[in-house]
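Hi everyone, thanks for making time.

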Amino acid sequence: MASEMQPLSISTQYPPDLDASRSLASPAEQEAIQQMRVELAQELEALQERGYDFDHTTGDIFMLRVLRGNEHDVPRAVRWYRECLEVRKKEHLDEIGMEICAIPYDVTRLPLYKEVGPHLRTLGNESTLRTTTGDLVYCEFVGGVNFDSLQNTLGLSTLHKFHCYGHEARLIAVDRLSRQTGRLVKVLVITHFQDITFPPKEIVNFDTNLKTCVFEKTGIEIIHKIMMLSFPAWLHGLYRVVRPLIPRRTSRNIMIFGRNFLEDKAALAEAGASLLATIVKERSMIGYGDSSDDGVPGGNLTGGPRVLHAGSAMQKGLLVKAGQTVSWSFQVGGAQELRDAGGRGLSGSLADMFTEGTDVMFDVGALWDVEPTEGAEAETVTNQLVEGMICTLVKSEKVAASAGKVSGSVVSERNGTVLLRWSNFHSVFRSKLLKEFSIEADSDQ
């Protein structure tokens with residue numbers, strides 16, 4: 001299936017690239033690619049025999065990415081390619097590639113999209129969502145995701161397979177678009193964190209392993225930039241631990257922005273105002289997690305009333321030192337108080353005729369500081385997480401209006417961030433009311 005790279009007419013739809021990393025192979029690189037093919041002759045022949053000699057895995061453009069990603073070191077590039085084939089076999093990516101190779105890149109047309117969509121919103125379409133320079137765009141809205149539902153209703157195995165479909169589809173698309181335009185097309189990855197709440201360690205491990213053990217080992221020189229929008233302060237500790245796992249060629253392309261990304265010159269220069277406006281518009285249309293996230297340390301620690309719509313949550317984060325006591329008190333509002341606050345719609349009012357549902361789920365967790373280990377492997381970081389970096393301090397419990405005023409406290413075992421969450425993820429259509437809340441931490445000794 002793979003064809004030798006031929007001179008192509010460059011499209012005038014996008015401006016010419018001044019970045020040398022986007023040019024096609026130089027004569028010296030073409031010679032190095034040929035050396036790689038000689039070394040990999042047995043593997044390439046086996047792929048051809050099985051009908052898996054795709055352009056996006058055996059063609060000259062992919063080989064060029066492998067060569068550049070390994071700093072033009074041919075033996076190193078050959079080793080990387082062989083490991084890539086092993087991972088592709090393990091993850092059945094060749095079979096996936098065969099299944100979707102004729103489909104234009106559009107996440108809504110991928111297998112399992114209908115199953116995953118209600119739990120995790122994603123965007124990607126080669127016809128309608130591109131950067132001003134023609135790069136592909138992939139966006140995930142991880143904020144407001146119900147992690148329990150993601151694990152127990154959808155299942156992480158289904159989510160993993162969907163991500164493999166998406167990864168393979170992007171590999172196919174950037175290879176095809178590169179051949180069409182005569183320049184290396186890459187992917188701008190955007191992750192929107194608004195409304196994200198405390199992730200279970202199983203989710204963190206899942207995401208870390210997916211990206212480091214699958215994506216990084218089967219796609220190289222694919223990512224242009226990774227833009228993290230509305231990134232909460234409490235996630236920086238986790239990012240510090242995971243970052244050493246990310247290859248330098250990728251980590252240097254990560255850009256982190258707060259909630260004011262629409263006013264950030266760097267964000268505007270990278271993505272453009274039109275694309276960022278599209279992301280904001282799509283985020284506003286999401287049906288989950290529609291209450292704002294207060295998970296940034298230093299926010300208001302007292303307040304109320306606060307309506308928690310179905311599928312949403314409110315989270316508060318406090319930076320703490322080891323030995324500090326964090327205490328809280330709160331009260332859940334009744335059905336009449338919720339109606340007075342304008343939070344009870346027709347469906348909820350009808351349901352109240354049979355049962356008065358006022359309950360919210362309350363839990364307390366911690367994200368303890370862990371010093372990143374230089375050169376750490378994914379398994380090492382996973383062990384660190386399991387051993388207590390992400391910790392549940394108060395298990396999730398149901399609290400209804402009838403419970404009255406609820407109070408409690410925890411003592412911080414280590415330095416880090418304590419996260420308190422009130423969620424209404426379990427409700428299908430009824431909103432709930434957090435009548436009032438108060439949180440405080442004793443002085444740092």
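Predicted model: local features only at pLDDT ≥ 70, side-chain atom pairs only at ≥ 80, totals over all residues.

Let's begin with helices H1, residues 27-39, and H2, residues 41-50. Their axes come within 4 Å and cross at roughly 75°. Angles from 65 to 115 degrees count as roughly perpendicular, so that's what we call H1 relative to H2. Who makes the contact? On the H1 side, Arg37, Val38 and Glu39, and on the H2 side, Ala41, Glu43 and Leu44. By class, that contact has 3 nonpolar and 3 charged residues, and no polar ones.

Okay, on to the sheets. Just as a reminder, strands in a sheet pair through backbone hydrogen bonds, and they can do so parallel or antiparallel.

One of our sheets is open and has 5 strands, in the order E1-E2-E3-E4-E5, with mixed pairing. At the edges you'll find E1, residues 121-123, and E5, residues 254-256, each pairing on one side only. On average, neighbouring strands here are turned by 15° against each other, ignoring direction. If you look at E2 (136-141) and E3 (187-192), they run parallel and are joined by 6 bridges. For instance, tyrosine 138 has valine 189 in E3 as its bridge partner. And there's a helix packing on this sheet: H9, residues 156-181, touches E1, E2 and E3, and its direction makes about 160° with that of E2.

The other sheet is open too, with 4 strands in the order E8-E13-E10-E11, and here the pairing is antiparallel. E8, which covers 313-320, and E11 are the edge strands, so to speak: each pairs on one side only. Between E8 and E13 there are 8 bridges in the antiparallel sense. One example is methionine 314, whose bridge partner in E13 is tryptophan 422.

Which residues are closest to its centre? Of the 20 lining residues, those are Asp148, Asp363, Thr392, Ser396 and Arg421. Two or more lining residues come from each of helices H8 (147-154) and H10 (201-218), and from each of strands E10 (360-368), E11 (390-399) and E13 (416-423). E11 gives the largest share, 5 residues. Sorted by class, the lining has 8 nonpolar, 6 polar and 6 charged residues.

That's my tour, so over to you for questions.

Terms used: Residues numbered from 1 in each chain as written. Heavy atoms only, no water. 1 Å grid on protein atoms, 1.4 Å probe; cavity = no way out; pocket = protein on both sides within 12 Å on 5 of 7 lines; lining within 4 Å. Nonpolar A, V, L, I, M, F, W, Y, C, P; charged D, E, K, R; others polar. Pairing = 2+ DSSP bridges. Axes fitted to C-alpha atoms, helices over the stretch in contact; angles between N-to-C directions. Parallel < 35°, antiparallel > 145°, perpendicular 65-115°, else oblique. Contact = heavy atoms within 4.5 Å.
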